[in-house]
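Time to open the notebook and look this one up piece by piece. I start with strand pairing, then move on to the cores and the ligand.

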Amino acid sequence: MALDRMTKLSWIYDLYQLGQSSHLLEDPDKIYQQLLAHIVTGFDARSGSLALLTEEQNSLTIVAGIDLPPHVIGCSVALGSGVLGWVAKEGQPLLINGDLDPQKYPGIQRRREQAAPSSALCWPLKLRDRVIGALSVNRPAEKTPFAESDRDQGTAVLNLASLALENIQLRLDQQRRFAELQATNQKLAEAQDQLLQAEKMASIGQLAAGVAHEINNPVGYVASNLSSLGRYMDNLLSLLEACDQLDASLSGDAPELLALRALKEKIDLTYLREDLHDLLAESKEGLERVKKIVLDLKTFSHVDEAEWQVTDLHQGLDSTLNIVWNELKYKAEVVKEYGTLPEIECLPSQLNQVFMNLMVNAAHAIESQGTITLRTGHTGEQVWVEVSDTGKGIAPENLGRIFDPFFTTKPVGTGTGLGLSLSYGIVKKHHGNIEVDSTLGKGTTFRVWLPLRQAVKQENG
Ligand SMILES: Nc1ncnc2c1ncn2[C@@H]1O[C@H](COP(=O)(O)OP(=O)(O)OP(=O)(O)O)[C@@H](O)[C@H]1O
Ligand SMILES: [Mg+2]
């Protein structure tokens with residue numbers, strides 16, 4: 001080495017420090033470059049290269065170069081090929097002054113892009129006898145050529161460089177593992193949230209079905225009472241009719257007769273007769289609506305039927321629409337453009353959740369007034385359901401993210417960002433697909449494709 005004793009010591013100390021400095025870990029390429037630069041300077045060389053053994057251990061990758069064409073960095077060198085490859089394979093250092101003797105070193109061919117330096121030193125980088133890479137330094141013709149003593153000193157010094165490199169690799173490895181752990185943790189948290197959401201949906205379904213069941217009973221006897229009431233009322237009204245006729249045939253001013261006529265006036269019997277019919281008809285109609293809601297709740301939740309079934313999707317779409325009607329009615333006119341749909345094999349309650357998510361999203365996308373169109377159709381072995389809105393659309397940069405769990409553009413506390421990711425999961429479970437087509441400011445169309453039959457079913461989940 002071309003340094004005096006003290007400078008040598010401080011050079012060695014600096015080399016040690018390079019392997020320790022944690023701030024360099026942010027950019028490993030920079031550390032390799034700095035380490036090589038340090039060695040090139042220490043050996044008073046002009047150029048140099050540093051190559052590390054790949055994970056597969058069958059070749060080297062050049063990770064740093066001084067005074068080399070930039071494209072050389074990242075190149076791969078097969079073990080045994082070129083000076084670096086030879087040194088790494090043989091585990092021996094090499095001192096080259098002038099041309100290589102092809103007899104002595106068969107197989108070494110200099111890579112063409114490098115002009116032959118006048119003097120070169122190349123060492124294997126070793127850790128406990130295991131080669132981890134190779135390093136070379138070169139001097140041009142105008143400098144004193146390297147001597148054997150340089151080669152031997154370098155062998156000792158480069159052990160320190162190998163340690164520094166190992167240190168760097170260990171830290172990089174630690175960082176990579178930490179990042180992997182963090183990613184796994186994140187995935188676990190997401191999976192847990194999805195489970196919670198799915199569980200929430202299932203319990204809402206159960207609650208709905210429970211309420212529906214409870215309401216069914218009183219609705220039943222109110223309906224039966226209303227129809228008896230109707231019959232009794234008709235009887236009473238015919239009796240009144242007869243009384244009226246009797247009243248009309250009587251003359252005179254018997255006080256009972258006068259009191260009866262006064263009472264008729266007072267209770268406005270003519271109006272009361274008409275209104276009784278209207279009230280009863282309205283009550284019957286109201287009760288019919290309650291019955292329909294109860295039925296929709298049952299169809300929607302399908303709690304008794306968490307199995308694969310062959311069903312008509314229009315039924316599911318209609319009952320889902322009734323369930324979310326409250327959210328839609330002030331925002332949008334709902335247009336149905338149903339085509340013909342063969343029955344399909346599916347998990348109806350889960351598909352209803354998909355339709356619900358799409359309908360609610362459509363309503364949320366409409367700021368004041370708009371239209372939501374539900375279309376259906378089928379081609380070949382597939383059916384499709386479209387939920388289309390005239391809402392604000394999806395920004396192109398968000399299109400690729402809307403199915404990601406927790407992606408939401410809604411204010412904090414409003415959307416969980418799980419609706420579409422759950423829907424995607426459900427549709428995939430059916431071996432189907434969701435397509436989206438959106439124009440900013442114009443509207444969005446989601447199209448769900450589903451196969452008619454399931455070749456391989458997955459768990460109901
Ligand atoms: N029809 C639509 N029009 C415009 N943007 C939409 C539409 N549907 C979904 N998006 C966008 O995709 C995002 C994700 O939707 P997703 O249903 O997964 O979550 P969310 O609606 O935000 O919350 P959650 O459904 O959990 O209440 C929405 O926040 C919104 O930005
Ligand atoms: Mg949503």
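In which sense do S1 and S2 pair, and over how many bridges? I find them antiparallel, over 6 bridges. Strands here are DSSP runs of E with at least two residues, helices are runs of H or I with at least four, and both are numbered from the N terminus; two strands pair if DSSP finds at least two bridges between them.

A note on the source: this is a predicted model, in which local features need pLDDT of at least 70 and side-chain atom pairs count only at pLDDT 80 or more, while totals for chains, interfaces and linings use all residues. Residues are numbered from 1 along each chain as its sequence is written, with chains lettered from A and ligands numbered from 1 in the order in which they are written.

**Entry 1, the hairpin.** I looked at the turn and found 5 residues between S1 and S2, with Gln57 there at a positive phi of about 65 degrees. Ala51 faces Ile62 of S2. S1 also pairs with S6, antiparallel over 6 bridges, and I noted Asn138 in S6 as the bridge partner of Ser47.

I take a nonpolar core as buried Ala, Val, Leu, Ile, Met, Phe, Trp, Tyr and Cys residues joined through C-beta atoms within 7 Å. Buried means 20 or more other C-beta atoms within 10 Å of a residue's own, exposed 12 or fewer, partly exposed in between, with C-beta atoms placed from the backbone. The largest core has 38 residues, and Cys122 is among those that touch the most other members. H2 gives the most to this core, 6 residues. Contact means C-beta atoms, placed from the backbone, within 7 Å; beyond four places in sequence, Cys122 has such contacts with residues including Val83, Pro93 and Ala134. Another core, of 27 residues, lies apart from the largest one, with Leu374 and Val448 among its members.

I found Val387 in S11 (residues 382-389). Val387 counts as buried because 22 other C-beta atoms lie within 10 Å. Thr445 is 58 residues away from Val387 in sequence, yet their C-alpha atoms are 5.8 Å apart.

**Entry 4, ligand 1.** I counted a residue as near if its C-beta atom, placed from the backbone, lies within 6 Å. Of the 22 residues around ligand 1, Ala365 and Thr408 are among those that come nearest. H8 gives the most to this shell, with 4 residues. H8 is mostly covered, with 16 of its 18 residues buried.

Conventions. Contact = placed C-beta atoms within 7 Å.
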